[in-house]
Amino acid sequence: MSDKAFQGNFFEDFTLGQEIRHATPRTVTEGDAALYMALTGSRFALHSSADFAVSLGLDEAPLDDLLVFHVVFGKSVPDISLNAVANLGYAECRFGIPVYPGDTLTAYSQVIGLKQTSAGNTGIVYVQTTGVNQLGEPVLDFKRWVLVNKRDPDSPAPQTQVPELADAVAAEDLVLPEGLNCAGYDGELAGSPYFWEDYAVGERIDHGDAMTLEEAEHQMATRLYQNTARVHFDQLAANSNRFGRRIVYGGHVISLVRALSFNGLGNAVRIAAINGGRHVSPTFAGHTLFAWSEVLEKMELPGRNDLAALRLRSVGAKDRPCTEFPDKDEEGKPDPCVVLDLDYTVLMPRRG
């Protein structure tokens, strides 16, 4: 039997400091942007209108930040998480220069931590992944950790090393798109009357809207990013897991929560960083997603009077409206309806 078909890396295949150059450069197009909009319903003006983007000093409408994230993330899946049980979290994710139709994205990763689980049949792999455009300019850099199966449960455990991760990306480390100027920002055209000054730390927003996940749509979205993780596609394999179903790619849930957040955060023009995130529980086709957000921090940006930043926490809930802001109980245990807990930073125009 030929051994040419790649079966993915298992936990014991990773070594600390290992560098992996991911295959398949991807030229992104307006078609990708349109399909992403069709699958998520995202309405943020900067990514929807070339004229609106030009009015803010950019050459054209950049691709949605999360579309860029998913494409770069998808490059890493065959090498990092093809044999993953679950993607456990994200940290220190910083968005670089904007990506425009016609740009070509490639990605590479470095293993920065390893820890075998107590059961001995899986291990946690920590990686730092970087995406660059055709000029070698960074468009995205993030850290994530993944629970990966072992090929042989009896193979020896590596020396444990868990990287230290920052709680958040500092305001001075956020990348501001060159030329972006929000001094003449049209909130009415963008669909929201609320600017940076209108939000308060501790404020909670029920985004009100909802979206039901469909089997074909979540798989199409995942294929759009060339993400090959079996748990999202292979029902025969899923028959033997504890759910008996294909799991929705967690990034698709992030995109839907971001799209739902437009109602209340419509002027959050760009995601500048993902400080941390956790997929609290799996999501499946047929679940209906709701979302709410909390303002964690307001940040001024050095030398900018037109633009500032909000650090947000967005929570996604399945099959339950968020009028009562489902969260954690007194012991810190998440409500059973919560599927996503995401800490991220957005850029938002200031009042002129």
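1. In this predicted model, the lining of the second largest cavity draws at least two residues from each of three elements: strand E8 (211-212), helix H6 (215-224) and helix H8. The residues concerned are Leu-39, Met-211, Thr-212, Leu-213, Glu-214, Glu-217, His-218, His-252 and Leu-256. By class, this lining divides into four nonpolar, three polar and two charged residues. The space inside the second largest cavity comes to about 50 Å³.

2. How many of the residues of H8 are buried? The count is 11 of the 11 residues, so H8 is largely enclosed by the rest of the structure.

3. Helix H1 (residues 30-40) packs against H8 (residues 250-260) at an angle of about 80 degrees, and the two axes are 10 Å apart. H1 and H8 are therefore roughly perpendicular to each other, given that angles of 65 to 115 degrees are placed in that class. On the H1 side the contact involves Tyr-36, Leu-39 and Thr-40, and on the H8 side His-252, Ser-255, Leu-256 and Ala-259. The contact of H1 with H8 has four nonpolar, three polar and no charged residues.

4. Asp-32, Ala-33 and Tyr-36 of H1 meet Leu-66, Leu-67 and His-70 of H4. Sorted by class, the contact of H1 with H4 has four nonpolar, one polar and one charged residues.

5. The structure holds four cavities of 30 Å³ or more. Which residues lie nearest the centre of the largest cavity? They are Pro-62, Asp-65, Pro-98, Val-99 and Arg-270, out of 17 residues that line this cavity. Helix H2 (45-48) and helix H4 (65-80) are the elements that give two or more residues to the lining. The lining of the largest cavity has 12 nonpolar, two polar and three charged residues, and the space within the largest cavity is about 100 Å³.

6. The largest pocket holds about 890 Å³ of space. Its lining comprises 39 residues, with Val-85, Ala-86, Asn-87, Val-231 and Ile-247 lying nearest the centre. At least two lining residues come from each of H4, strand E3 (84-95), strand E6 (138-149), helix H7 (235-238), H8 and strand E9 (270-279). Which element gives the most to this lining? E3 does, with six residues. The lining of the largest pocket divides into 22 nonpolar, 12 polar and five charged residues.

7. Thr-27 lies in strand E2 (residues 26-27). Its relative accessibility of 42% places Thr-27 in the partly exposed class. Not counting residues up to four places away in sequence, Thr-27 touches Asp-32, Gly-102, Asp-103 and Thr-104.

8. Gln-18 is placed in the segment before strand E1 (19-21). Is Gln-18 buried or partly exposed? With a relative accessible area of 21%, Gln-18 is partly exposed, since buried means under 20%. Leaving aside neighbours within four places in sequence, Gln-18 is in contact with Asp-13, Ser-109, Gln-110 and Val-111. Asp-3, 15 residues away from Gln-18 in sequence, is 23 Å away in space, C-alpha to C-alpha.

Technical notes: Residues numbered from 1 in each chain as written. Predicted model: local features only at pLDDT ≥ 70, side-chain atom pairs only at ≥ 80, totals over all residues. Heavy atoms only, no water. Axes fitted to C-alpha atoms, helices over the stretch in contact; angles between N-to-C directions. Helix = DSSP H or I, 4+ residues; strand = E, 2+ residues; numbered from the N terminus. Parallel < 35°, antiparallel > 145°, perpendicular 65-115°, else oblique. Contact = heavy atoms within 4.5 Å. Nonpolar A, V, L, I, M, F, W, Y, C, P; charged D, E, K, R; others polar. Buried < 20%, exposed > 50% of the residue type's maximum accessible area, 1.4 Å probe, protein only. 1 Å grid on protein atoms, 1.4 Å probe; cavity = no way out; pocket = protein on both sides within 12 Å on 5 of 7 lines; lining within 4 Å. Points joined across faces, edges and corners; volume = space filled by probe spheres on them.
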